[in-house]
Amino acid sequence: PGIEKGMWQSPNARPPPRVGGGEDGEEDELQLVFLEGVAGIGKTNILWKLDKLGYKVHTDGFIKLCLENPSYHPTSAAMLHKWSNRMLDRIDSAREEHQKGLVRDNVVFFGRSLLTPAVYSGGLPINIYFRQLMTEVRQAHSSSMLLCQADNYAITQKIAGRLFDAPDREKEVRLALGEDDATFQQQMSEAYAQLETEGCFDAFLDTSSSKLGVAALLHALDIAPRPQEE
């Protein structure tokens, strides 16, 4: 029961139809799973546990990218464009790894998706562009979009701890992303909620406990636990 309660379908889910078919057979087709949600909601912890279980995971790497490109503000169109290009490259890389037989259970997990730059671009016209990119990725690949959910207090405490421990330059980037701004974070939460009502997400994932979250996720994907995972 706990596992089943950890992930539930969105009543508004409207995944875009696939266009054409992949090169893989139906039974072993690569599955892309994107974890989305506000900063501090627990995506990284879920990915860390999945990585330990031997799954292919891709963290968003946005902070590192910002540190490598200090001339651009973290929420600038140029920075978001750079990040989206990296995400597309990682999706292509996942396909190549799958074709080489390097992907466990035919599934690759991503921390964030191309909806992230759409959310952080605010009212900029590129918002539409990034949403279209995500639609085209989903049309080309078998995928699931999950909106992570967690207690607000836990999110606040995690962000506070992360800012406290961060090196100075990393802290500057996180502050530029509004991680210490409660009003901005609420706006981000509302933006994700709006995307959910528009049918952009297939399901919700409770990330309050990373252990239960991973169990619920693998259960929903119909991946039976192996002896070392029990």
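Author: The model is a predicted one.

Reader: Now the fold. How many helices and strands?

Author: The protein chain has 10 helices and 6 strands. Its radius of gyration is 17 Å, close to the 17 Å from the globule rule for 230 residues, so the chain is as compact as a globular protein of that length.

Reader: What box do the C-alpha atoms fill?

Author: Roughly 45 × 35 × 35 Å along the principal axes.

Reader: And what share of the residues is buried?

Author: Buried residues are 44% of the 230 in the protein chain. The chain exposes about 12000 Å², and carbon and sulfur atoms supply 51% of that area.

Reader: What about contacts by sequence separation?

Author: Of the contacts in the protein chain with a separation of 6 or more, 79% are between residues 24 or more positions apart.

Reader: Switching to one residue. Where is Ser144?

Author: Ser144 lies in strand β5, which covers residues 142-149.

Reader: Which residues does Ser144 touch?

Author: Leaving out residues up to four places away in sequence, Ser144 touches Leu32, Val33, Phe34, Arg138 and Asp202.

Reader: What separates Ser144 from Ser10?

Author: Their C-alpha atoms are separated by 12 Å, and the two residues are 134 residues apart along the chain.

Key: Residues are numbered from 1 along each chain as its sequence is written. This is a predicted model: local features need pLDDT of at least 70, side-chain atom pairs count only at pLDDT 80 or more; totals for chains, interfaces and linings use all residues. Side-chain values use heavy atoms; hydrogens and water are left out. Helices (H or I, at least four residues) and strands (E, at least two) are DSSP runs, numbered from the N terminus. Contact means heavy atoms within 4.5 Å. The radius of gyration is taken over C-alpha atoms; the globule rule is 2.2 Å times the number of residues to the power 0.38. Buried means under 20% relative accessible area, exposed over 50%, partly exposed in between (1.4 Å probe, protein chains only). Accessible areas come from the Shrake-Rupley method with a 1.4 Å probe; for residues, only the protein chains shown count as cover.
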